[in-house]
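The sequence and model come before the details.

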Amino acid sequence: MTRFLYIFILIGAAAFYLLFADNLSFILLIALLILPVIMLLQLIISALFLRCSVKAEQITAFRGEPCEIAFRITNNSVFPLCGARLRIRSVCHPSETVKITNVVVPVPALQTSTVTLGFGSEHCSRVDITVENIKLYDLLRLFSARVCKRRLHCSLFVIPKLREHYMDEARELAARSADSAYTDSDNFRERGNGIPGDVCGFRDFLPGDRLSLMHYKLSARFDRDIVKILSVNGAARFLLTADLSSDSPDERDGVLERLMSVAYYLCGENAEVYIAAPSGKDTFGLPVLSGTGNEELFAIKLCSGSDYFAAAKALCGANIPAAENHRDFICCDLSQN
């Protein structure tokens, strides 16, 4: 619209000069002819001195909580920008949903403007956000230019919250690991690669605990059944796995929530815990053990409960089936709610 208005005024000034041919009409015509050159120079200088950055390359949020992504646009030139339009592309995994967003923000001279985008977190996912280009305008919006110096990229990880009602399930798994052998029932592989060692702690009795682990003095003192926790040489390794390939986001969220909660609380029981994750993906610093019975999966180790965030980030955007049972692990399929 501005361009058409300028062309209309320029034609009027030229007609005015042809009709009157005085100094005033001549100055007006020359000024209108020089104006686009000035605006073009202003746009070029602004583009050269423009700096862009992302506030955080990785953002983690719990499911159901608000989350935002922020980009900084810095104008180091002496010319203000009436508008910088950002073309932002977001891809949500594992659904592979693509969304294009255009945001226009004014950037005053020698100042920094922040572009903040809010994203929904109703489902566990990984959202890759990329600023594909930034379109700049001069003060009169006669010209525009796309700036693609460096694509800005960041990732949003929406992870499940811990649920305490899975604590008993994790304790039951840890209690059964004290036995010398396991059977295929309840998703366990037969195993006997560990022998009891020193006492490393105590906990309340759980169904399935051996009576030989009972600590009778502490049980009598506190008036409840207490058993010993034994360190195990060559301890059994748990491989927690789940089917995350469901097309239903709600079903997938429930499975992932159960998987991560059991893994977290099982780590708290001093168990050696691994989680099946897609191979070739970022494990965010967690140790990796290959060989899960599936070439597309590997096992990432949770050394402590603090690794929960890294493991959840590795899985929140994954669309993988459950791993097969493997002789090197006690495989626990947590696909069922």
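Cys-332 is buried, at 4% relative accessibility; buried means under 20% relative accessible area, exposed over 50%, and partly exposed in between (1.4 Å probe, protein chains only). Cys-332 takes part in no disulfide, and the nearest cysteine sulfur, that of Cys-331, is 7.4 Å away. A disulfide is a pair of cysteine sulfur atoms within 2.5 Å, and a search of the whole structure finds 0 of them. Cys-67 is also buried, with a relative accessible area of 6%.

## Basis of the values

The model is predicted: local features need pLDDT of at least 70, side-chain atom pairs count only at pLDDT 80 or more, and totals for chains, interfaces and linings use all residues. Residues are numbered from 1 along each chain as its sequence is written, and side-chain values use heavy atoms, with hydrogens and water left out.

## Salt bridges

The count comes to 10 salt bridges, each a side-chain nitrogen of Lys or Arg within 4 Å of a carboxyl oxygen of Asp or Glu. One of them joins Asp-253 and Arg-63 (3.8 Å, N to O). This pair links distant parts of the chain, 190 residues apart: Asp-253 is in helix H5, and Arg-63 is in the loop between strand S2 (58–62) and strand S3 (67–75). Helices (H or I, at least four residues) and strands (E, at least two) are DSSP runs, numbered from the N terminus. Asp-253 is buried, at 1% relative accessible area, whereas Arg-63 is partly exposed at 24%.

Glu-132 pairs with Arg-87, the closest N and O atoms being 2.8 Å apart. Glu-132 is buried at 17%; Arg-87 is partly exposed at 32%.

## Helix H5

Helix H5 (residues 249–267) has 19 residues and spans 27 Å from first to last C-alpha, close to the expected 27 Å; the expected span is 1.5 Å times one less than the number of residues. Of the 19 residues, 15 are buried, so H5 is largely enclosed by the rest of the structure.

## A contact in a loop

Ser-121 lies in the loop between strand S6 (111–119) and strand S7 (125–137). Ser-121 is buried, with a relative accessible area of 6%. A polar atom of the Ser-121 side chain lies 2.3 Å from the backbone oxygen of Glu-65.

Note on methods
Polar contact = N/O pair within 3.5 Å; in protein donor to acceptor, adjacent residues only side chain to side chain.
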